[in-house]
Amino acid sequence: MLEVYFQKAKLNEVIEQLIRLLRVYAPVLKGAYHEFAQIKTASDADLGFQNTRLSPKGLFHPHLERMFEFSLAKGDPQASILREVPKDYSPSVILGIRPCDARAFQVDDVNFDTSVVKDPWWVERRKSMTLVGLACNEPCSTCFCTTVGTGPFDTNGLDAVLVDVGDGYVVRAVTERGEELVLKLGLKDLVPDEAAKKAEEQKVSAEQSLGRLFDTEAIAKRDSAELFNAGFWEEVQFACINCGTCTFLCPTCWCFDIQDEVSGEQGERVRLWDSCMFPLFTLHGSGHNPRSQKLQRVRQRFMHKLKYYQDKYHQGVACVGCGRCVTQCPVNIDIRSVAQLMSASCIC
Amino acid sequence: MLAYTEKIREAARRLLAENRVDVVIGYRKGTIPFANEPFLAKSSEQVDRLYWDGFCGANLANYLPKRTDRVAIVAKGCDSRNIVVQVLENQISRDNLYILGAPCKGMLDRRAIRKALKGKEATSCEEEDGKIVVSGRGFSTSFERTDVLQENCTICIHRNPVIYDELLGDLVPEQQGVDRYEDVRKVEAMSPEERWRYFEELTASCIRCYACRNACPMCFCPTCFVDESTPQWVGKTINPTDTRTFHFLRAYHLGGRCTDCGACERACPVGIKVRQFTKKLEKDIIELYGYEVGLSLEQRPPLDTYKPGDPESFIK
């Protein structure tokens, strides 16, 4: 695949060119942390970020999705008929997405885009977005991507990747869509030998900085019922306050709720992020709640990510090791420690 | 303050061995810098995992409501005041509690430290002699403890536990001449439009994760008003109306109950200054009723009692 190079001094020019071609989302510093947002000028983007506080999943699976709208007006012949809210699928690019976050969309595809069920909005947005990643030269101490099957230079979820080699960027196309974009940008300079060498060295050093923290295969092999009934959940769950921080920040948590919101004679059906940490998530119409206890909810989150997903889809775990839940959990519940408990060969 | 670790372990070992308590609630050392995890020790084998440093900001009183066993709990000044409210509100029996009082010089604010590090990542943090030494890849830097305290701790006037069964260290001098409500007066001085905008901007980044609510030891309702579904009182969206309804109602439920322990603000994953909602109410309760929350087990909170002399100037 195509590989080119450009000097850092040219970065803003490249981004401006991108903005002329496509709608561009990039990491933007807002207040104390970064988030992916649409940028109108190159200077809005900050590629010096570590990662965004919230994952970019909201670009495909918005926190608040207006699905349908309806009228309740008396005498309106269209009353109570759901009409799809028009969607904007303008061709877009996410610039600077981290390899782990891009990989997360593939993890989630099994839920939104299967041979049987297709979520039209997810599918169309996936089609409209080109993912230009930024390889991680210096993964954070809370990152564990290599343990869960991705990595700081993993290009699996990407269309193209940028590698910061100090004075410039090496740009590698990964898919045809990525190659097409690189060509459209008019980037033609060959990668200098030194830059290619540096990119390779950085890849090796970034990967080496990340140890293997637990064994996902071992969790796959464990008996579900045995894990489900393991004694360690009691200790794991104690500190949990059952907020939704971990699930809302997580790039792979896809669960949602659907609500009708009515104002006067107009209404809309919206889809909202939901969380298995909330008791209401599993409350039945009958009043029965199969996960009324905190322990059950905490266990569900880890079992879904690390065990059920593996058992059901046979393509690794539903975690990409971004570490957001590790750094932002208000009570320091650390998925890496929980996974170690789950993968241990015996429960002692 | 660091010496508390040994004191906590010693007390926990003794209380469990003497069968004075069934469990001990404290903290264990965090897996990352600037964080510790609330921890329940049930046996003497677990006692050595108990730990203490300046990142014990999570309010342990949060783990008490509805417990029926005999609990020893590590409590800073603010935690102890929350325990007082929980006892007054019949959430826990004082007889079942053994309070290990932790005189406190303030908890450290991970956000303030991270901000000062300007994007550099810390991999370790040590605390000694009023200084915080933070190190990471290729750097080491130090801060004065007093420069990186949680904001509520800088204006705290009850650092010593108000009730306890034993102390983990000497009482610390309380801060004098603190102006607790400078920020509230600024908001009070705003025009209604400015004030509306101020609160609207405060909540703009809210993701409705409820970390603020769930970190709060005073939020113990079996079903929170935002979780009621038959009927549903509050919309679940992140539209400004729904978000502010949640924040405003949550704050009002804390009128005369909040101790400004800062657990809510500390927990928020998107850095909302949640205390701005509750501090005005705290000031009102002091001004209207002369009542400071959680200082006495003898006095009923003003909002759950009626007195003929209660102020009513706010009834128009």
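Is V47(B) buried or exposed? V47(B) has 21 other C-beta atoms within 10 Å, and a residue counts as buried at 20 or more, so V47(B) is buried. The model is a predicted one. V47(B) sits in the loop between strand 2 and strand 3 (50-51) of chain B. Leaving aside residues up to four places away in sequence, V47(B) touches R9(B), A12(B), R13(B), L16(B) and A41(B). V293(B) lies elsewhere: 246 residues separate V47(B) and V293(B) in sequence, and their C-alpha atoms are 32 Å apart.

A12(B) is among the residues with the most contacts inside the largest nonpolar core, together with V24(B), I73(B) and L100(B). This core has 170 residues. Helix 1 (residues 4-17) of chain B gives the most to this core, six residues. In soluble globular proteins, nonpolar side chains tend to be buried together. Take I73(B) next. Not counting residues up to four places away in sequence, I73(B) touches I25(B), L60(B), L64(B), L97(B), I99(B) and L100(B).

Helix 2 (residues 77-88) of chain B packs in the same chain. Its length can be checked. With twelve residues at 1.5 Å a residue, helix 2 of chain B should span 16 Å, and its end C-alpha atoms are 17 Å apart, which agrees. Ten of the twelve residues are buried, so helix 2 of chain B is largely enclosed by the rest of the structure. The buried residues of helix 2 of chain B include D79(B), R81(B) and N82(B), as well as I83(B), V84(B) and V85(B). What do the buried residues of helix 2 of chain B pack against? They pack against strand 4 (71-75) and strand 5 (97-101) of chain B. Just after helix 2 of chain B, N90(B) takes a positive phi of about 60 degrees.

Now the hairpins. Strand 1 (residues 23-29) of chain B pairs with strand 2 of chain B in the antiparallel sense, over six bridges. G26(B) stands opposite F39(B) in strand 2 of chain B. Five of the six residues of strand 2 of chain B are buried, so this strand is largely enclosed by the rest of the structure. Six residues lie between the two strands of this hairpin, and F34(B) there takes a positive phi near 70 degrees. F34(B) is buried, with 23 other C-beta atoms within 10 Å.

A122(B) has G136(B) in strand 7 of chain B as its bridge partner. Two residues lie between the strands, and D129(B) in this hairpin takes a positive phi near 45 degrees.

Two further backbone features deserve a look. Most residues other than glycine have a negative phi, and most peptide bonds are trans. R208(B) has a positive phi near 55 degrees. R208(B) lies in the loop between helix 6 (192-203) and helix 7 of chain B. With 23 C-beta neighbours inside 10 Å, R208(B) counts as buried. The peptide bond from T230(B) to P231(B) is cis, with omega near 0 degrees. P231(B) lies in the loop between helix 7 and helix 8 (240-253) of chain B.

Step back to the domains. Chain B is divided into domain 1 (1-106 + 157-177), domain 2 (110-148) and domain 3 (179-308). The C-alpha centres of domain 2 of chain B and domain 3 of chain B lie 31 Å apart. Chain A is assigned domain 1 (3-66 + 81-208) and domain 2 (216-343). Their C-alpha centres lie 26 Å apart. In chain A, 28 residues of domain 1 are in contact with 25 residues of domain 2. Helix 2 of chain A gives the largest share of the domain 1 side, eight residues. That side divides into twelve nonpolar, nine polar and seven charged residues.

Which residues bring the chains together? The contact takes 33 residues from chain B and 35 residues from chain A. Strand 2 (36-41), helix 3 (110-116), helix 7 (211-215) and helix 9 (263-267) of chain B each supply at least two residues of the side of chain B that touches chain A. The largest share of that side, five residues, comes from strand 2 of chain B. By class, the side of chain B that touches chain A has 15 nonpolar, eleven polar and seven charged residues.

Conventions: Residues numbered from 1 in each chain as written. Chains lettered and ligands numbered in written order. Predicted model: local features only at pLDDT ≥ 70, side-chain atom pairs only at ≥ 80, totals over all residues. Core = buried A, V, L, I, M, F, W, Y, C linked by C-beta atoms within 7 Å. Helix = DSSP H or I, 4+ residues; strand = E, 2+ residues; numbered from the N terminus. Contact = placed C-beta atoms within 7 Å. Nonpolar A, V, L, I, M, F, W, Y, C, P; charged D, E, K, R; others polar. Domains from an automatic or database assignment. Expected span 1.5 Å × (residues − 1). Pairing = 2+ DSSP bridges.
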